[in-house]
Every structure is written in C-alpha cells, then in structure tokens.
Amino acid sequence: MEIVLMDNLWVIIGTFLVFLMIGGFILLEAGSTRMKNAGHIAGKTIFTAGIGSLVFWAVGWGFIYGEGNALIGLSDFFYGDASISEEGLAPAVDFMFQMMFALVALTIAFGGFAERAKLSSYVIFAVLFSALIYPVVAHWIWGGGWLADHGKQDFAGSTVVHLTGAMAALAATIILKPRIGKYNKDGSPNELAGHNQVYTALGVLLLWVGWFGFNGASTFEVADAFFGFVVLNTQVAAAAGAVTAMFVAWALTGKADVPTTLNGALAGLVAITAPAGFVEPWAAVIIGMIGGIIVVFSMRLFDKAKIDDPIFALSVHGTVGVWGTLACGLFAVPAFSSEIGWGQPGLFYGGGFTQLGVQTMGVVASGIYAFVVAFIILKVMDKVMGGIRVSEEEEMVGLDLSEHGGYGYPENIPNPNDQKGA
Amino acid sequence: MEIVLMDNLWVIIGTFLVFLMIGGFILLEAGSTRMKNAGHIAGKTIFTAGIGSLVFWAVGWGFIYGEGNALIGLSDFFYGDASISEEGLAPAVDFMFQMMFALVALTIAFGGFAERAKLSSYVIFAVLFSALIYPVVAHWIWGGGWLADHGKQDFAGSTVVHLTGAMAALAATIILKPRIGKYNKDGSPNELAGHNQVYTALGVLLLWVGWFGFNGASTFEVADAFFGFVVLNTQVAAAAGAVTAMFVAWALTGKADVPTTLNGALAGLVAITAPAGFVEPWAAVIIGMIGGIIVVFSMRLFDKAKIDDPIFALSVHGTVGVWGTLACGLFAVPAFSSEIGWGQPGLFYGGGFTQLGVQTMGVVASGIYAFVVAFIILKVMDKVMGGIRVSEEEEMVGLDLSEHGGYGYPENIPNPNDQKGA
Amino acid sequence: MEIVLMDNLWVIIGTFLVFLMIGGFILLEAGSTRMKNAGHIAGKTIFTAGIGSLVFWAVGWGFIYGEGNALIGLSDFFYGDASISEEGLAPAVDFMFQMMFALVALTIAFGGFAERAKLSSYVIFAVLFSALIYPVVAHWIWGGGWLADHGKQDFAGSTVVHLTGAMAALAATIILKPRIGKYNKDGSPNELAGHNQVYTALGVLLLWVGWFGFNGASTFEVADAFFGFVVLNTQVAAAAGAVTAMFVAWALTGKADVPTTLNGALAGLVAITAPAGFVEPWAAVIIGMIGGIIVVFSMRLFDKAKIDDPIFALSVHGTVGVWGTLACGLFAVPAFSSEIGWGQPGLFYGGGFTQLGVQTMGVVASGIYAFVVAFIILKVMDKVMGGIRVSEEEEMVGLDLSEHGGYGYPENIPNPNDQKGA
C-alpha cells in the first residue's frame, strides 16, 4: 500500500511540473513575438489553462479513457464516477496528470494562431481542439485504442501531445496566412524578431524543468526508481540538442544565434519524449543531437516554404516530434521495452522493421487526423465568423489593443509604423 | 513509519510550492504597478520573505501553536523545544509549512501600501502584522482557539490567510488614501495601468502552481491520496474563475481585458481555498465561476467607492475570501467533512444553517480583528512617524528612487511628468 | 525497500529544484547586467546547462566518483556501468543530483566573464572547468578524496560548488580586466547598474526555492525527516541575510539598496550551505546575519581593489562561501555531526580547533587549486586565441549583437553611446 501511495505522490509531483510548463510557454511565446502582442499572448495562455481544464473535465477524459471502442471512449464525462484508473493510481491523480497533457497540446496548437488570429476564433478552436482532436489521438495511443493495439510506443507524448498540437498549428497557419511584413514581394522572408530573449530563455528553462515531470512521471510508478533513468535520458537529450543547434547555427551564419540555441534545447526534449523510457543514455545523446540538427533546417525550410511559424511550433513540436517517435523504432532496447511493456525492440537491437513500421503508421494516422479535423474546423469557422484573422489595422496596432483593450506594456507603447513592429 | 515519512515528504513539497508563490507575488505586484516602483516592489517582496520568516521563528509559531488559551498561544518561541506537532509531522516540517502561510498573508497585506507608502512604515508594519495580527487569527482557527472549538472550516486559509491579509490591506489603503492621479476632481477614477502584463500572467501561473501545495498539502498526509482530489478541485475552480471573469469582462466592455482574466484565475483559487477538501468537483467549478463573477464587480465597486487598490488585494483576497469561506457552508459534503474531521455538512447537503452560521461568525470575527488592529497600528504609526506616506515629489518620481536610491530599470527611466507615470 | 524508494524520490525532487536554480541564474545574471548583453547572458546560460551536462556525463562523474586515488577518480566515464552509488540511491538518481551541482558551479564561474568575454572563450573554458576543475575539488571532498579523509565538512557545497566557482570567476575577472567605463581615470569606480531589478529579485527567489533542494536533498535520505530541519536552517539563514544586508546598506547609504538586499539573501543561502545539516536554527540565523554583513563589505572591497565583479560572484559565492565553510568549525553540534557522520563538533561545542583547522585547510587547498588551474587555462587561451575578450567596439555595442547577431530586446535597442550602456 505504501508503494501505491508513493506512485500517487510521484504522479502528482509530475502534474505540478507539467503545469509549470504553461508558465514556460507564457514566456517562450511572449518572448518569441512582438511587444504589441505580449499582453494578448500572456492572457490567452492563462485562458488556455482554464478552458482546456474545463473541457477535459467535461468530455476530454471520457473521450480518452471512457469505455468505448477502438476509435473513442464514451463514458465518464464530468469526472464520471471517477472509477477508471488503468494505472492503479487514485482517480483524481491520474485525471490531473492526464489533464496537463491536454493543456500542453492546446498550448502548442496556439502557435499557428500567433500575432494575427482573432481572440474569438482561438477561443472557439480551443474548445473544439480540446474536445474533438486531442482526445481522439490520445485514445488511439494511450486510451486502449487501435494504435495501442498495434503496440505503438509513445512514452510521454511525442506523437500524442507534440505532433497533434503541431499539426493543428499547421492547419491554422496555412489558413491564417503569414503575418504582415513577414514576406517581401519577391517572396523572400523577413525576420520578425521576438521582443525578449530573456523571457524565451527562462521559458525554455521552465519547460525543461517541467519536462522532468512530463517524461519522468509517465512511468506512473516509482518501482525500481526507473524514473531516474527517464530523467537522465531527458537531460542529456536536451543538453545535446541545445549544444548541437548552437554550433550548427554558428557554423551556418557565423553567429551563435540565441533563439536557435533555445529551440535546440526544446528539440532535444521533444525528440526524447517518445523514447525516454526505451533507450540508453548514449542513444539519448544521439537522439537529442539529431533533434538539434533537424530543428535548424526545419525552421529554414518552413521559412522558405512561406509557412509563417512565429513560435517555431511546427519545427520544434512537429518535425522533431516525428523524429522522436521514429527514434523508438531505431533505438528501443529489448529490456526496457519489456519493462515498460510496450512494443518491440528497435531496428538497431534486432527488432527489425516491425516497431519502426508501427511508429510510422502512428505518426501518419495521428498527424493526418489532427491536421484534417483542425483544417475543416477552421475553414468552417472562417466562413461562419467572417474570417478568423484580425483586420490589417488591428494586426498593425497589435492584438493587445484590438482584442483586449489595453497594451501589455502601457509605458512602452510600440510604434505601429515602426518596421520592427510591422 | 514509512507512511509518516511520506506525509513529511508531501508537506515539505507543499512548503516549497507555497514559497514559490512569493515569486508569483513579485511578478503579480510588479506587473500590476508602474515602472517607477518596480524595483521597490521586487525588493520589498524579498524583504517580506525575510522579515516574515524571522518574526514567525521568533514569536509567530508560538502565538499560533504554543500552549495558551482560546485567544492566543504563549509558548515555544524561537522554535522552542520544537516538540509541538499536532499533525504527527516532524516539527521542522510542520513549522516550515506553517511559516509559508504567514509569509503569504503578509505579502497580501502589502497590497494596501503599494506605490505610496514609505518603506520604513511597511517595514514596521510587517513586523507588527506578523507578530500581532496573523498569528492571532491563525490561532483562533488552526491553533485550537475559539473558532476551532466552534468547528470553523477553513481547509487552507480563505479566512486565515486571504481575508486576514486583505483586511490589513484595507486598513492601509484607507489611511494612505488613493495614489496621485487615481481620481479626478469630479471623483471619477482613472486607470493607472500596471506596466507589464507578461509579469502579471506569469505571476498568476506561479501562484496557481504554488496553490497546489497551499491547498494540496493542507491535507497534512498522503492517506488515500486524498491530496489528488484537493488538487483537482483547486484546478477546476481556478479554470472556471479565469474563463468566467474573461467572459464577464468581454460582455461588459467589449474587450477581453487581460488583468481581469488573470484576477479571475486568482479568484477561483482564493474561493476554493476554504472548501478544497470539503466539496465535489462540480461544486468546485461553480465556486470558481461565482468567484470569477464576484471579483469583477468587486473591483468596480472599490474603484467607485474611492478605495484605491492597486494590486486588487481587496477584491481577490478579501471579497472572494469571504465567498470561499461561506461556500463551505453551502457545498460541504458530509463524507468529506468527516474525512477531514471538521465541521458539519453544508446547506445543500442537509446540514442546515449551522455550518453557514459558523463560517459567517468566523469571517466577521477574523475580519474585524484584522482590520481594527491594523487600523490602530497604522494610525499610531502615522502620528509617531510624521506620516506613513512618501511626499508628493517622491511619489511622482517613484519609490525606486526615493526609497532605494536607484531605478529598477536604469536604462528605461520613466518620465515622472508623463501621465502614464502619474 | 519502500524507504529506499522514498530516498530516491526525495533526491530526484532535489534534482529538479537545483535545476530550477539555473532559471534563477538566468534572471539574476541578466538583471544584474546591461540590456545590450541580456540575450547573450540568457542564451549562454542554456548553453551552460547543455555543455555542463554533457561533460559531466562524459567525464565529470568518473573523475569525481570513479575508482581512483586520493586526488581523482578514473573510471565510469560516459555513465559507465552505472553501478557506483555510495548513498544507496539508484545510479541514475545519484548521477542526476550530482550533475546539477556541476552545472551550478559552472554558472557561478561565468560571473567573471560577464559583459566582456568572447563567447568562444567561455565555451572552451566551460568544457575545461567542467572536466578539470570542478570534478577534482568535488572528488577531494565528496568523492572519497584526501579532504574527505581528513573529515572536511561541506554539507551541500559551500566549498565544492560556491568557492570553486567563485575562484574560477576571480581568475577570469583578473585576466579579462574591468569593463569599459567601470573605473575613472583617477581609479574611482562607477556603478554600471544592472538593467532589471524585477528579474534579479525573481532570480533570487527561484534560487532560494532551488536551494531547498540543494541543501535539503543533500541528506540523500528521508530518514527521521531530517530534511525538514535542513530546510528550516536554510530558510532562516536566507531570511537573516536579506534583512541584515538591507539594514546595513540603509545605515551606510541612507537608502535600502535593492541589489544589496538581494545579495544578502543569497549570502545567507551560501553561508548556510556548508553547515545546514550541522547547526541549530539560532546558529543558522547568526550565520546568515554575518553572511549578510560580510557580503556588503566584500562588494565594496572588490570595487575598491579594481576587481570588476558584475554579478557579485566573488562576494556572494567566494567570500561568503569561505565564511560558511568556517562556520561549521564554530557551530557544528555534536549530535548532528554524528547524525551526518562527518567530522567533529565546532569550537563553540567543545570541539576545539580541530574541525576549524580542517575547514580552513579545505578552503585554502580547494581555493588555490581552482584559482591556479583556471588562471593557467585562461592565460594559455588568451595567448592561443589572440585574446579572450571582445574588441572595444564589440563591448560598446554589446555582446548580443557581436556574439549572437541580434539584440535580446530588438524593440528596445540600447544606445551604445549612452553612458548607461557604456
């Protein structure tokens, strides 16, 4: 009995750490965008925590873990009888930990709306994403759905959380189109630099700390102190991502670009999220390094492809989320995958292409589902609401004023005609 | 024995989380006020953590938990023989957890001094509040005093911490009078907007995370993993408060005002603080929603009543603290109130008006005590010190310069004649 | 077995808390320096977390805890067979906790490079410090080396972490020479004020919270809930340091200088780091107070001695680190030093000068080693790299632009000719 209480203690600590990530996102997103939108970003993130929690309470948990079929759960809405708990945890503890992942996925999805979407359109999308998109993918992989039946490995959510959020962001950014001033007439991109790198760096640090709970508490138990191993893998992957991305940027541009370094740390974290409990530390270093390389080139590709991604959600959570999921199929160690009890060893451990195939199927199916449903929802909203993007004047003056009626920094009012603010 | 160690581990984790709230207050208070006072606010908050800890060590614990009478404890000063521990916790762990609540109450009380009180007057008041005001109310309700004898329910301090702090803030704000520029000659209020909404939002997030310890570790034990249920109630109440306040502001003004949204989250948290361990999740949602509504109208009422409340301490911690305390008398579930072992079921569970009456008595008695003693202390100080407010010139130039000899942002010096800084 | 799992849980929580200190350092360092270097400081701190983790993984742990001799460990590189664990913890948990201390020491060492060193020189030094300096001192005192054989007491690293980092910072600051504009022609110092006291204060608060893990989890076990006592000592020492330093500054200058108050809190924390598990709470208060006094005068002395210390690393971590180490030799209580199992009672408890002598020897030997090796490394680098300091123009324009190719605050570009930015 003591052990079960300790499991609960560990998972609730993980819950607190993941919720701290919301604070990391406030800083990451505000720091990566312009002053005139900082109050909007900060305020909508608290709103996100609110609406995401309420929708998860009302229907999210039921769609993921309720009794249903291979595609969706259909019981235990509004906390239900609170009796479902596959992990032997207290229902409320399990419920809270799972809620946090839903909040993070929604926060990632916001990336596609940044600096140009109407607040009202994000509000509606937040409800629909939290009810119809995230819970379905989570059910498929974590809730006993059809991908779980195929042995899809996703230790802590490279696919469920990061890829799902990023694919919704992709749909949004395609429909919303690039921000004013992002592309020149000849199609070449401008940098619309974020306004505060201290925020961004502290945001990354808070996300990094929170990730110890995101990955570590996904053990759901304290047995064998296996969580320590998961935390170690998380740490060295993040470290490798940060260092690698900084050197790649330095080599490419002659300057150790700060935002790229920070995205490298996040890339390491996203990459290790699926394999954190399945691989050895040296493999975690390699997975993080490759994540750090991929993120740099992905950022450049999206920029050239005229897909405007202000907070780098598509590269950090999308492209690298795919890499992390596939890395399981390469590096998963037999002993660990049986300890965790999911799936097969990776290609490099004699597992053949079986697990790699399952991982690929999971990425494709989840990615398509999230993208298509988000795209349809936003297209319909675009018609019905007379557009989901603010007017040109509103975008120039900033969403702080247009959507919230006051600047985030009233004593440092940005000049809307200033090119930096354009 | 293992279980007792786990109880200790849980409560020390709660201690850390509550102390993190001090960081939340640094940001909330600095963000809600003007640039010219930002260094002052930040520095005094660290001072607050220091002086509050020392006074609690010297006399606070002894007045609360020492052996004494129905009104006050009178032993175990200076950590005493460290043998008192009603909860079966290690003395140092219990001592530290309780200390944190005293720091939070003092931090809330500062709200009434913001942007116009002399540092010296706050320093003296901080000592007296920590010695004479907070410990007395805490003794009455948590230390075996007369309100405890009546079965007053206050799970984690809606009354003890929030209302006590807010009533002291009310006394201060009445005596200090409104800030220069807050009211026009015709009595209509101006908004003296806070200078950084990113700070404010991150502050709210840190407070939210810290509240998991504030409420959750107030179980004092890990038995039945009941803490998970308390955390769940805390989360959905905060969520409901944030979302509700945003929509109320949007409906009233046409804009989704950011500070109001943020105060809504805090209102949900304050409201659920007393009932967190006594009510069901659906009731927590309602309690949070009503908190989110109350806070909006309370802010407007104080503004109209010419009570200048820069950090919204009176509305968030005072008005909503009362609501939270009374909500126990409405929604307390028989099973939970007996699990916790305090008081009677609420009105909606057949408990009649008994518990509601006890709650009301607790609010009135505690509120009057905190207000009257704070008022007397400050009036005496006002006479003895030749005023507790800085001069008009000092207020215009800002407390950073007048009280601390240097600006908080030396490279962004505010213009004292600028209306935004007025 | 349950108890051992709880030990692991406690130490991994401590790991998370210490890693949060890296966030504290981002804010402390960025806030204490000028706008034009803020992005650089923030970005290099994330890089520090990355490179420090990788070097610790590769060789740091092996040099500290590997099998070797009295001077250095020489096995278990690259996480080795992960079988070494002197504390009975899971290898990965112990590994992670120890890694965090290496990161903090490196972050402290950066203080000597601030605002004028080339990024490339810091990158190389970071690798060498993490491989050759920190692990050697850590081996001597914590890894079974020659100072451990003499019974050197250093509960959580006043010497190992703080003094080692500070002595490396001293070597760097001497070789790099003062920042442009720091000293006038007549040798009198100017204040080059940090740009954001809110950052600094929040940084101190995060460091304070993190220190609960730094000191508290250095018990390595939950037995007797002794961690609560360590946390209590940590809290009252920090409180005493903050309050004392504020009043000392107030008495000396007539103003309650904010940076001094904040450094007082840190001084209390550094001072209690060595004795946290060996002394009684009243002694912790005295140790913190004296730390708070020492730090004020140390800051003034370095300033007069023309040793430019932008982030006060030499005073906070160096001078006060020495004080904390020696305080063990004065105040260590027989019962506690035997509970911890290290060393002898202090002078005031009848222990004579034995322990004080051992402490002094440890400070001198560790300090000299760290300083001399850092000095040699940097002198060699200075020759080989054609200087380790940026050019005068680069320093004027700021390291954000010169080293990273973009400002940390692109919408608040500092004026390089502005005296505040000089």
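Guide: In chain B, helices H1(B) and H7(B) cross in a left-handed sense (the near helix is turned anticlockwise from the far one by less than a right angle; clockwise would be right-handed). The model is a predicted one, in which local features need pLDDT of at least 70 and side-chain atom pairs count only at pLDDT 80 or more, whereas totals for chains, interfaces and linings use all residues. Residues are numbered from 1 along each chain as its sequence is written, while chains are lettered from A and ligands numbered from 1 in the order in which they are written.

H1(B) covers residues 2–31 and H7(B) residues 197–216; their axes come within 7 Å and cross at roughly 160°. The axes are lines fitted to C-alpha atoms, for helices over the stretch in contact, with angles from 0 to 180 degrees between N-to-C directions. H1(B) and H7(B) are therefore roughly antiparallel (angles over 145 degrees; under 35 is roughly parallel, 65 to 115 roughly perpendicular, and the rest oblique). Their contact has 18 nonpolar, eleven polar and no charged residues. Here Ala, Val, Leu, Ile, Met, Phe, Trp, Tyr, Cys and Pro count as nonpolar, Asp, Glu, Lys and Arg as charged, and the others, Gly among them, as polar.

H3(B) and helix H6 of chain B (residues 158–176) pack at about 30°, their axes 7 Å apart, which makes H3(B) roughly parallel to H6(B). The crossing of H3(B) past H6(B) is right-handed. On the side of H3(B), the residues that meet H6(B) include B:Phe101, B:Val104 and B:Ile108; among their partners in H6(B) are B:Val161, B:His162 and B:Gly165. This contact has ten nonpolar, three polar and no charged residues.

H1(B) also takes part in the meeting of chains B and C. That contact takes 45 residues from chain B and 47 residues from chain C, two residues being in contact if their C-beta atoms, placed from the backbone, lie within 7 Å. On the side of chain B, the elements giving two or more residues are H1, H2 (38–65), H3 (91–110) and H15 (399–404) of chain B, and H1(B) gives the most, 15 residues. By class, this side has 31 nonpolar, eleven polar and three charged residues.

Chain B can be laid on chain C with an RMSD of 0.0 Å by a turn of 120° and a shift of 0.0 Å along the axis, which is the relation of a three-fold axis. The surfaces used by the copies are different: 7% of the contact residues of chain B recur in chain C. Superposition is by least squares on the C-alpha atoms of residues with pLDDT of at least 70 in both copies.

The contact of chain A with chain C takes 48 residues from chain A and 45 residues from chain C. H1, H7, H8, H9 and H10 of chain A each supply at least two residues of the chain A side; H8(A) provides the largest share, 13 residues.

The C-alpha trace of chain A spans about 60 × 50 × 35 Å along its principal axes.

Terms used:
Helix = DSSP H or I, 4+ residues; strand = E, 2+ residues; numbered from the N terminus.
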